[in-house]
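Q: Could you walk me through this one, and tell me what each label rests on?

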Amino acid sequence: MAAHLSSGRVNLTALREAGRRELREFLDKCAGSKAIVWDEYLTGPFGLIAQYSLLKEHEVEKMFTLKPGRLPPADVKNIIFFVRPKLELMDIITDNVLREDRGRSPQRDFHILFVPRRSLLCEQWLKEQGVLGSFIHREQYSLDLIPFDGDLLSMESESAFKECYLESDQTSLYHAAKGLMTLQALYGTIPQIFGKGDCARHVANMMIRMKREFPGSQNSIFPVFDTLLLLDRNVDLLTPLATQLTYEGLIDEIYGIQNTYVKLPPEKFAPKKQGEGGKDLPTEPKKLQLNSAEELYAEIRDKNFNAVGSVLSKKAKIISAAFEERHHAKTVGEIKQFVSQLPHMQAARSSLANHTSIAELIKDITTSEDFFDNLTVEQEFMSGIDTDKVNNYIEDCIAQKHPLIKILRLVCLQSVCNSGLKQKVLDHYKREILQTYGYEHILTLNNLEKAGLLKPQTGGRNNYPTIRKTLRLWMDDVNEQNPNDISYVYSGYAPLSVRLAQLLARPGWRSIEEVLKMLPGPHFEERQQLPTGLQKKRQHGENRVTLVFFLGGVTYAEIAALRFLSQMEDGGTEYVIATTKLINGTTWIKSLMEKLEPAPF
Amino acid sequence: MSRARADEEEYWHSSKFRAFTFDDEDDELSQLKESKRAVNSLRDIVDDDDDDLERVSWSGEPVGRRNKLPSFQSLSDALTDTGGKSYAPELRRPKAEYKDYSSDWSPKDTVRRMQRGKVCSLERFRSLQDKLVLLDEAVAGHDGNVITAVLIFLKRTLRREILFRELEVRQVALCHLIHFLRETGEQKFLLDLLLSQYREHLNIQDVEKRREFLKSCIGLPFSAEDTSHIQDHYTLLERQIIIEANDRHLEMAGQSELFRKYPRKASILNMPLVTTLFYSCFYHYTEAEGTFSSPSNLKKTFKIPDKQYVLTALAARAKLRAWGDVDALFTTKNWLGYTKKKAPIGFHRVVEILQRNSAPVQVLQEYVRLVEDVETRLSLATKYKCHDVVIETYRDLKDRIQLIAYKSKVERGSAEDEKINSILNNM
């Protein structure tokens, strides 16, 4: 089920296994049959750790979604709430518990599992409602870093960026540090820590402190990671705003990937040959899991979308040739061999069919006029053209009332590429946005300003051109088919964050001191002492392993760029990526927008 | 953060210790003695509660809130001026003042005491409930100084969101805090407070109440830019309420043909400005500028740019297929009485919008003809089958080859076909 986690340089199955063990232990504490009541947000991330079968083995017979009212009847001994420590969820739990029929026999026992951390506040709240005593076990399940793929970990903490930069709430950084401690307990102490940004500094400090406070944590595991690089999202606000142009990035931009699953419009996936049911089109969206367990997907996901078509057609030829071979199979032995390969071939064929359909869906959009216009403007901004005046295309989009998030992405991109907009330009955009989308968006605009995404230029200085040139963020001759530089992921723009990682590996940050100073927050280096026995003697030609932790989110295109660096023959470094949340420009801006409809609770 | 504020905070946090740091620095020994005495004298009168390390001593004379908070100003001035003044005596007040000191005063007693200018500790009030009672008592006492003192305490000990939430229902206290923040130059905190106040309108469902609330927001000290947006927001809602009442009546009465033919899909309340303009161009286009619901009135009131106005009006009139209005929208007369066609948005955009509203070819081609750029004109004309325009353009370009090629696209023997033939013959 999780073979893809062990395919990379670092075997992340161990992390998943640790998570499963902890879950089993908790379930076994509540002896007897059980029902789980889920905070819906958690089901996705939990699915990556354990399937229903694991829960079933431990006597979980029913599962419900957390909602107010009476709990559904279920003849189980235990009711376990799996929840995030949020007060509004505590209210629902209270309601559930209070409405439980006390007369029923046998009585059901209540337990509560906080993910990822127990919270005093929540327990106090439950106490005030008079239900705290109803819970026999109150525990926490530290689901910090969840393995998404062989080289990818995420905390799936949606609001981490917003909390850090708008609300000055750095709890998510604490969780990140905790997650890194767990990782070190399993994979050995990471000897070198580099970082850039205020949040990075905080996390490094917490890690060092935690290590000091728990001297027992000095483990005797041979370190797997050589380096940890902590990067603040606010060091590179630009990258997520641009439209990702890799296959996986575009799937995420257009359909949204959640916990490795994507939901697609069903029309293109209609069964073709089946006699029954083939007539009426399916109405349910098609749900697919996307990860490296699927051979074809692993091959194409990080390619520029323009290079995907040729791979797909090549694959199609190979597969049909393989099926053709049955005509040549003459002897029983040959037929037997062919038959033994059939399941694999059929899987490959259905995988190819799926991705051909997805590619067609995406192509419909990427070939549209509006996509092209939008991309042109983005690329102009990123290469430094006309960033200091009101842009016609943006104005047109506002006039035609395109989705607000699209407008905000573009305006923020322009602002970032110009180190802030001229006051007059900024005021103009603001006015147009408020008049067209409603004055209440003044709140959202203010949030964006606070996060530094949208701001007036101060001091009249635009640093972006210097940063762009020094870090070679814009490459004119980009090769999408056979890339030679990370800039292929945005067809010209090389993500700043990944450039920083690349330059750190070679020749080192000393060469870019000046630019680092222009970017927000401190940059630093820390070393964690290893016992002499554990110090690594590198084999000749063996690559270093660097864990890059994006605090505040990472895009699929950035991941693709890091994977590209891992695969470079003379690269010398392989990357594992961790983040607080997998994001794209739309989900990111959305997380910063003011929720304008009243809260559902 | 201004210096005044820093000092201010410092004062509240550690006035007790400050006492001996301001003594003459040359004389360390006497300084030590002095401080020891000061501390001891405090011990005598204060019960031994460790949590009471921070004390608020309130000695200012009562002042109105619009005054420049003289007491704290003078105190902080004095604190920064470390020259000669010693604050030790301040702590060694006559014992009489502490005689009736007790640790279990109610919030009410505490406020009373503060109003009399006596020392009080606020730190004892830890629960939110206590703090709010304290604030309410202070407000009820009308003493600006005391209110501000309590607010400073709350600001320091409450989470921002909670403080803002509570202030929403305590307008007097809110004004005091705003005033205080302005005086101390805490711009960021102030802006957060103001926006959280403004955000509250979203929770008010009743439009009349929402309008009233927005009106109260205009007076808040936002930046000039933000104030004008909020003013506009208020004015817009005010308009919408009038228009809504009027139009609902019209629609119900069933006498207006427009409303009968195109029933309103939703109420106009709380819609954005541009949507409101569209609505007004749709239902109230011909009204005189004097009426609130007329497009020209909206344009003037909200200073809607020409471009935006034309786009919206065009979309609305095209939807109603009022081609005459569309024509008038782009017709300008010069002083000699000649008419001229002009579009601030470019005629290619006009064509797009008309096409989206399925305008007939006759109407469409009139505007395609006005597209200045020849290539755009040709491509639009070809796309929307405005044969006349295509033919005339090729004629003007003297492009025989293209004209001959275009013959295949028109019907044989049709008027267009003949037109091409006659042009070809004359070329």
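Q: How many aromatic pairs are there over all chains?
A: First, a caution: this is a predicted model. By the rule that ring centres must lie within 6.5 Å, the count comes to 26 aromatic pairs over all chains.

Q: What makes F259(B), Y262(B), F278(B), Y279(B), F282(B) and Y283(B) a cluster?
A: Ring pairs link them. Each such pair has to pass the 6.5 Å cut-off between centres, and the links join these Phe and Tyr residues of chain B into one cluster.

Q: How do you know that the charged end of R201(A) sits over the ring of F524(A)?
A: The charged end is 4.1 Å from the ring centre. The distance limit is 6 Å, and the charge must also be within 35 degrees of the ring normal. R201(A) counts as sitting over F524(A).

Q: And what puts K287(A) over the face of Y261(A)?
A: Here the distance to the ring centre is 4.9 Å, to be set against that 6 Å limit. So K287(A) gets the label too.

Q: Why is the pair R349(B) and D396(A) called a salt bridge?
A: Because the cut-off is 4 Å between a side-chain nitrogen of Lys or Arg and a carboxyl oxygen of Asp or Glu. The closest N and O atoms of R349(B) and D396(A) are 2.7 Å apart, so the pair qualifies.

Q: What else goes on between the two chains?
A: On the chain A side, helix 15 (392–399), helix 17 (423–437) and helix 18 (442–450) each supply at least two residues. Helix 17 gives the most, with seven. That side of chain A divides into eight nonpolar, six polar and nine charged residues.

Q: How many residues are in contact, and what is the area buried between chain A and chain B?
A: 23 residues of chain A are in contact with 27 of chain B. The buried area is about 2,400 Å², and carbon and sulfur atoms give 50% of that.

Q: What makes the bond from V115(A) to P116(A) cis?
A: Its omega is near 0 degrees. P116(A) has its place in the loop between strand 4 (109–114) and helix 5 (120–128) of chain A.

Q: What is worth noting about phi of E59(A)?
A: Phi is near 65 degrees, a positive value in a residue other than glycine. Most residues other than glycine have a negative phi.

Note on methods:
Residues numbered from 1 in each chain as written. Chains lettered and ligands numbered in written order. Predicted model: local features only at pLDDT ≥ 70, side-chain atom pairs only at ≥ 80, totals over all residues. Heavy atoms only, no water. Contact = heavy atoms within 4.5 Å. Buried area = accessible area lost by both parts, 1.4 Å probe. Helix = DSSP H or I, 4+ residues; strand = E, 2+ residues; numbered from the N terminus. Nonpolar A, V, L, I, M, F, W, Y, C, P; charged D, E, K, R; others polar. Phe/Tyr/Trp six-rings, centres within 6.5 Å; stacked < 30°, edge-to-face > 60°.
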